[in-house]
Amino acid sequence: MSAAEKSQGENGTTIAPEKATHEVQHLCQLAQLSRAGYYRHLAPHESKRDDGDIRDAIHRVALSDRFYGYRRITKQLEREGLIVNSKRVRRLMRLDNLLSLRYKPFVPRTTDSAHGYEIVCDLTREAMLTAPDHVWVADITYIRLAEEFVYLAVVMDAFSRKVVGWALADHLQASLPLEALDKAIASRGGSLKDLIHHSDRGVQYACRDYALRLSQIGAHASMSRPGTPQDNAKAESFMHTLKAEEVDGNAYRSREDAESKIGAFIDDVYNARRLHSSIGYKPPIEFEDEFRQAQKREANQPMPMSQN
């Protein structure tokens, strides 16, 4: 051990670490204290002002993202450089009655699987999610307006949880999910050969037009097993988040109003800002950017020289 690593005594003389440790142990024995208790006493203690500063930060995040619970608020504070235990955040939130907002969703029937089109098997059960555009999941839900219903179709990348395509209409015809699919294809741009497209068994996804579009891009259709909605859990999870954090808290005046606000939520909040626990508490766009940067770094690594 170097001299620089030795301890300094009160009179400026150096004390070897092993000697300092021995002296601490001797003093602890005389005082009938444990060494762990001694070092805990020396450690800085959080003051009431520390709690106040953290409460201010928690309030700011909670007001900005009113559907965040204590885990996501903890992760957001960490991203801002404030490291704090999640249990402490939960305790302070309870003291201030900062509860994340949640609504019980009402889910009407949007899937008609009683049709004569071909039903394909579930390909996602054996699929490994290793990159974007390997598996897409698709689903349809309803949106309540002031005097009518409209329907939202989405396509999501299962790897990054990014919504890559969506469409809104006042009907449940196949053209609705086809529009969302076309937007997803256009937004990705590159080759989608061997992509797995997963959905429920609804007629909109089983019909010839939709199957033809998938075959044109070289994608493979995949459908959930009967009576197992968990097979499409990622798409269902997005719909639940959308209803809880956007739809149920708004009274849309018209289809145009709903389209504008839901589009802003998907693009500006869900894809760009919301922290997703399934991808390490990061937004999907950031997660994909980091993945691509890692791929570039790996590609630029020099190849190891072979040894003869």
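Mentor: The count comes to six aromatic pairs, where rings of Phe, Tyr and Trp (its six-membered ring) pair if their centres lie within 6.5 Å; planes under 30 degrees apart are stacked, over 60 edge-to-face, and the rest tilted. This is a predicted model, in which local features need pLDDT of at least 70 and side-chain atom pairs count only at pLDDT 80 or more, while totals for chains, interfaces and linings use all residues. Residues are numbered from 1 along each chain as its sequence is written, and side-chain values use heavy atoms, with hydrogens and water left out.

Trainee: Why is the pair of Tyr142 and Phe149 edge-to-face?
Mentor: A pair of aromatic rings is described by the distance of the centres and the angle of the planes. The centres of Tyr142 and Phe149 are 5.3 Å apart and their planes lie at 65°, so the pair is edge-to-face. By contrast, the rings of Phe265 and Tyr270 have centres 6.3 Å apart and planes at 45°, so this pair is tilted.

Trainee: Is Phe265 buried or exposed?
Mentor: Phe265 is buried, at 5% relative accessible area; buried means under 20%, exposed over 50%, and partly exposed in between (1.4 Å probe, protein chains only). Tyr270 is buried at 4% and Tyr142 at 6%, whereas Phe149, at 33%, is partly exposed.

Trainee: Which residues do ring pairs link into a cluster?
Mentor: Phe159, Phe287 and Phe291.
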